[in-house]
Structures are given as C-alpha cells and as structure tokens.
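Let's take a walk through a protein model, one stop at a time. Keep the 3D view open while you read.

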Amino acid sequence: MVRRDWLSLDLRALAVYRVVLGVMAILDLLSSGAEVRAFFCDSGILPRLSQTLPLASRWLAAFQGSGEAWPQLLWIGLGVVCALLVLLGKHTRLACFWLWYLLASLHLRNSLAADRGAMLLELMCFWGLWLPLEARWSLTARQFPQWKSLPDCFRSAGTVALYLQISMLYFFSAVLKNGVAWVVDCNAAQVACRSAQVSTAYSEWLAQFTLPLQWGTLVTVLGEALIPLFLLSPIAHQRLRLATVLGLLAFHLHNQMLFRLGFFPLMNAGLVLVLLPSSWWDRWSRPARGESVAVQPLPAGYQLLAVTRAWLVLCLAYCFYCNWQTFPNPRKAHLDAPMRSFGKFFRLEQYWNLFSPSPPNDLWFRLLARQSDGRQVDLLRRDRRVTLEREVSPMASVPSHRWQMVFLNSVYKEDPALSQSIVAYWERTWGPSYQDFRYEVVTRDFDPHGRPLTPQVRRLWPLEERVGRVRL
C-alpha cells in the first residue's frame, strides 16, 4: 500500500511556493522595466523587424504590438499586478495564468537576454496552475475559514507533476555534465570558479583550493544524479525529502554568491522549499485536521478532473522527451516539428545544460571607443584602460545580467548582426563623446598545470574573422 505522504506536498509549503513565485516574478519584471529601452523596444538591440517568431509562439505576442517604451511598461506593470495577486493569494489561478502568459511573452520578445532562470520561472507558473496555492496563508483563505480543516498533507496529479519536474531538472543537469573536466579530471568546479563568464571575487579566491574543489565536483554530479532517488523513494520519504531540501538550499545559496547567474540559483533555492515535508511544518504550527470532502468550496487546483490529469501526463511526457533529446550532447538537441511546436506553444521546452558538457571558457569582452581627445578607452572596464590584463570578475563591470547574456550569445550563436546591433546601441547611447567603436572578445586558455596562457583577442564588430564557439 502506498504511504499517504508519498509524493505529497504540504499546503503550507505550497503557500511558500506561491510567495516565492510572486516575489521572483516581481524582481524579473521590475528589472526588465529598468532596461526596457535596451531589450524590448525597436530602438534597442533587437528591433521587431529583425525577429522572426515561430508560428506556435505567435499567440504570445503581448510585447510584439509596439516598439515604444510606454506600451511595454504598461504590460510589465500588468504583470507586476498579477504577481502581487499571486503573492497575496487572491484570484490565484487566474492571476497565475496571466502572469505565465506575460512572462512568456516578455522572455520571447528578447530571448537572447533570457537565461534558465526565465525558463524556470515560466515552468513554476505553469505547474502552479494545477496546485491549490491559495489554500493556506492567502487573502482567499481568510474568506473561507473552513479551509483550515483541510489536511495539510496533500497529494494530486499536480504534486506528482511537480515532483517529476524537479527530479528531471536535477537528473538531466547531472547526466549532461559528461565532459572530461567533470568525469575524468574532476576539476570542473575549479575551472568554473576562474571562468570570467560567471566568476565573482569570491569564486576566484576559492579557485586556489584544488582538492576541496575536486571533491565539490564529484559531490555536485553525484548529488544531482541521486536527487530523483531521494525525492521519489517511498521509503523514509519525509526524512529523505528534508535532507534533500536542506542540502539543495545550501548548494543554491552558495552558488548565488559563487557565480554570476542572475536569479537562477536564488530561484532554485526558493523552489525546493515546496518539498519541505509536513513533519517540518508541524514543528512550528499545529497540523490541520479534517477531511477535504466536507469542505466547500475547495481551493482552485485541489481536485482535478480526469481530463486534467491526462493533460498533465501528456505535458510530463513531453518534458521528459525534451530533456532526453539533449543527452548525451546538449548542443545537438533536435526535436521533431510537432513536438517542437507543442513545447513552444505551451512554453514547456527545457534544457538544463548549464556548465555542460564542460564548464564555461575563460573569456571576457571589450567595448573600445575613442574619445574626442583621441584617447582610446574600454567602456566595459571599470578603470576604462585598454589592456589585455584580466580584471577580477570582469563581468562585474557589465551593466546587468541581461547584458551579460546578450554578450555571451553574440559569441555562442556566431551572429555578426547581433554584434553590430550591440555596437549600434552603444553608439547611440554614448553619443558624440565617443567614436570608432570596436567590440571584441578576449579568450584565455590554461596549460596542463593550470597556468594561464597569453590571452587571444577576436574582433566581433567591425567583422574581422569568424568567431569560434564557446561553452556556457
């Protein structure tokens, strides 16, 4: 007989999930509003005329209707309202749907600036549609005090779907880490710590500790691979869940300090809180008693129709197929046209290949320009000097995480048009004070003993030579 708490979630943990979703969505939307002209207007780096949307994604066109700033800010403001409703637990399912729609439309408007945090945020909205997020600690719950008699331990097709989605995230993140640095040399953590793409001052200091980082590499791969076993095990289910949550919480909060990955580690840390078992919550509050069948009306998502459960099975099958297609080489994932269209229509495409198959290269960028007095400066460097000397954490001087993603995409996608658009935007921004702009990427390799070699410069615009691929 299946234990009652197996693959269940606590209603109080679902309330925390709702709060995390609302807060992270607000942060994403507000940061987008602060950079609306650069990334979401025709005067920015990606005008609508240069963008071709897949047919399956054209219904997500909220931000495609205008190239001006004020309509985009209006949509962003509407998204903030929806996120606040989700956060407070008022009209939660309807607000969650529109929040999902607006976030998907926003990220689709400039996918070059979106990262895996944006992908995860959309998925959190999608799976939240099928869960009773407002059953505890919400404005709606205050209107229905009888909901207090609902048992805190809750299981449905929605909770199972969320378990499997989280398990896929970590499992495929682990199996895609199949490069030499991960499985042979075991120096991937050290390489990542000194990579200019993602490094911080803290990670570059930590890179000197070779042996602990080798153990960190092994623990990362094995831990991520075993997480589905810990989460889905029917034996000692609550204890394994609690240990997994605490371990992942420490892991992601440490990564937030260690690497420049935007909100992604913080979002993962918030996501795993939904897995806190009822035994944890019962330590701090009295558990609810009663039977759900005696309570009317029920929170949205508490009872799912058979057709809804079948729909969730279909979505999970697609998610597994999409992830499976990234293995063993995440750079060569190809989906058949119908499957690709399904994923783009419902925004279920997912690729958890961060730092896979190998950790990122050590590279940084230079945006050179000449001042009116003839002196050349590097606008992306804090001291503005033109030099091949590497700063500590060079990406710290990039204006924002979105700019970091755009810069990296200009190299990874080998797109001269994007590099040209970046330079054109900065020329318009800096005005007549600077001229003769040049946009370059600097790469640095290491010898077998870990010593840095001479940096190599490649010009991205004006076009000089074909740029090789880099790993992200």
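Is the crossing in which H5 passes H7 left-handed or right-handed? Before we get there, a word on what you're looking at: this is a predicted model, where local features need pLDDT of at least 70, side-chain atom pairs count only at pLDDT 80 or more, and totals for chains, interfaces and linings use all residues. Residues are numbered from 1 along each chain as its sequence is written, and side-chain values use heavy atoms, leaving out hydrogens and water.

Now for the answer: H5 passes H7 in a right-handed crossing (the near helix is turned clockwise from the far one by less than a right angle). Helices here are DSSP runs of H or I with at least four residues, numbered from the N terminus. Two packed helices are described by the angle between their axes and the distance between the axes. For H5 and H7, the axes come within 10 Å and cross at roughly 160°. That makes H5 roughly antiparallel to H7, a label for angles over 145 degrees. The axes are lines fitted to C-alpha atoms over the stretch in contact, and angles run from 0 to 180 degrees between N-to-C directions. On the H5 side, Leu120, Leu123 and Trp127 meet Ala161, Leu162, Gln165 and Leu169 of H7, where contact means heavy atoms within 4.5 Å. Sorted by class, these residues are 6 nonpolar, 1 polar and no charged. Nonpolar covers Ala, Val, Leu, Ile, Met, Phe, Trp, Tyr, Cys and Pro; charged covers Asp, Glu, Lys and Arg; the others, Gly among them, are polar.

H5 (residues 116-128) also packs against H13 (residues 264-272), at an angle of about 25° with the axes 9 Å apart. That makes H5 roughly parallel to H13, the name for angles under 35 degrees. Arg116, Gly117, Leu120, Leu121 and Met124 of H5 make the contact with Phe264, Met267, Asn268 and Leu271 of H13. That group divides into 6 nonpolar, 2 polar and 1 charged.

Last stop: arginine 428, which sits in helix H18 (residues 416-430). What does arginine 428 touch, not counting residues up to four places away in sequence? Its partners are Ser43 and Gly44. Arginine 428 and serine 43 are 385 residues apart along the chain, yet their C-alpha atoms are separated by 9.3 Å.

Definitions and conventions. Helices (H or I, at least four residues) and strands (E, at least two) are DSSP runs, numbered from the N terminus. Angles under 35 degrees count as roughly parallel, over 145 as roughly antiparallel, 65 to 115 as roughly perpendicular and the rest as oblique.
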